[in-house]
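Please have the sequence and structure open.

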Amino acid sequence: MANVPTDQEALDAIREELANIKVPGAEQATADQTWADLDVDSLDLVEVVKALEDRYDVQIADGRLKSIATVGDAAALVQELTREKEGATA
Amino acid sequence: VSVVVTGRGVVSSIGESPDAFFESLLAKRSGIADGIGACVDFDPETTMTPKEARRADRYTQLAVGAADQAVAEAGLPDGVDPERLGVLVGTGVGGLVTLQAECEAWLEGGDRAVSPHFVPMMMPNAAAGTIAIRIGAHGPGFSVSSACATGGHAIGEAMRMIDRGEADAVVAGGTEAALTGLCIAAFRRMGALSREGVSRPFDAGRDGFVMGEGAAVLVLEREEHAKARGAQIFARVVGYGASNDAFHITQPDENGRGAKQAMLATLKDAGAATGDVGYINAHGTSTPFNDKIETLAIKQVFNGSATPPPVSSTKSHIGHLLGAAGAVEALVLVEAVRRGVLPPTINYEQPDPDCDLDYVPEGPREAPGLELALSNSFGFGGQNACLAVAKA
């Protein structure tokens, strides 16, 4: 399970991707913040999701986007998907 | 209804404020290097946050840079009903930098590589929409597009919007950022660009235009509204005329019919006679055709009066800004009537028998009696706009 990010690693990855699209306060983003709190709109979120997919080599189905309302939700989803992938290849 | 100018803004290769820009014209400065007039000093992050700038094409960034100056100078949006504040900013080609980059990304990486910001960055009304968001303008808003006449049409249609009673103030102008490899190649393939890379309007050795980029925005306002809120008035926009050559998709009508018609319509709209015109800022692209035919059209308009007034082309300094050109040149008129001085045509060395007007080649010329000036803009598609600006 070495490739499943820890809570902190997943949070840091999301902070990094938010910083890449120049979101103010990206480095200090917290798990309980919503996208609206960060002024991240649906277009920005498409970019963040694609970046996370590329980073972890996973696919986030469009249907899952509704379930990720906060930074923490996205971190948990990334952990879930990487865990599934690890399971499949183990 | 009397329409006045209460705010001015410009981003150009020779200055990023009305004063810096106009003083560069008077100093005969050129913003052209290596055959293009790029705004090399422009930093979008002086007006936009890094995230806003990243989500905007360069043509919108330039427009926002100019609009912020104009809106601040006019003291807007305070003092105006937001539903009566319009935004009418045009572009000739829209977000071409973005379009080219996204085409490359798509060809290389497929659908998934296309940015979700592509459409709102590329669309030609993005600049007008972005400006409206920034200032909370809820009145009429859109872009106009008529290639190289866009800026003239935008200012003229904004004047009409106020005249029709649809708005008390309109943020109006033109913007262009088309200095991409694809677009430069396209104009070169048409034979429209100067091989020499020099803009020398009306000169016998002219061989095409030089592409430039930039934006200019004016705040037009109903005079009574401006006076009631104590706004400073820089000039009046007193006439506008539009016409179609209906001749050829890129070549001007060889008899100058559309150009002449636009100038005459503008004079009529302004209630002015040819003898009232003290200066013409020419379309003056530096192509063999345009400058010859524009000269012919001006002579036809002034037929019967004394001699036509002095004519200069500020495209000699900054190149051809396509959809921004007419707006930049409207600003030139505002400054010329306000200061009583005519900007020169630079790079003019060798007279052409077909271009036999006074092109102000020697340098800036004092014109203390200047009351009324015209600006011509002629676009591919055969679409023409002419504006008349008068001293405040």
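Which helix gives the most to the lining of the second largest pocket? H11(B) does, with 5 residues. The model is predicted, with local features needing pLDDT of at least 70, side-chain atom pairs counting only at pLDDT 80 or more, and totals for chains, interfaces and linings using all residues. Residues are numbered from 1 along each chain as its sequence is written, chains are lettered from A and ligands numbered from 1 in the order written, and side-chain values use heavy atoms, without hydrogens and water.

**Confidence.** Chain A averages a pLDDT of 93 (the predictor's confidence in each residue, from 0 to 100).

**Pockets.** A pocket is an open set of points on a 1 Å grid over the protein atoms alone, where a 1.4 Å probe fits, with protein on both sides within 12 Å along at least five of seven lines; lining residues have an atom within 4 Å of a point.

| Pocket | Volume | Lining |
|---|---|---|
| Largest | about 620 Å³ | 26 residues |

Nearest the centre of the largest pocket lie A:Asp41, B:Glu52, B:Arg55, B:Thr130 and B:Ile133. H6(B) supplies the largest share of this lining, 6 residues.

Helix H11 (288-301) and strand E13 (372-379) of chain B each supply at least two lining residues. Helices (H or I, at least four residues) and strands (E, at least two) are DSSP runs, numbered from the N terminus.

Notes: Grid points are joined across faces, edges and corners, and a volume is the space filled by probe spheres set on the points.
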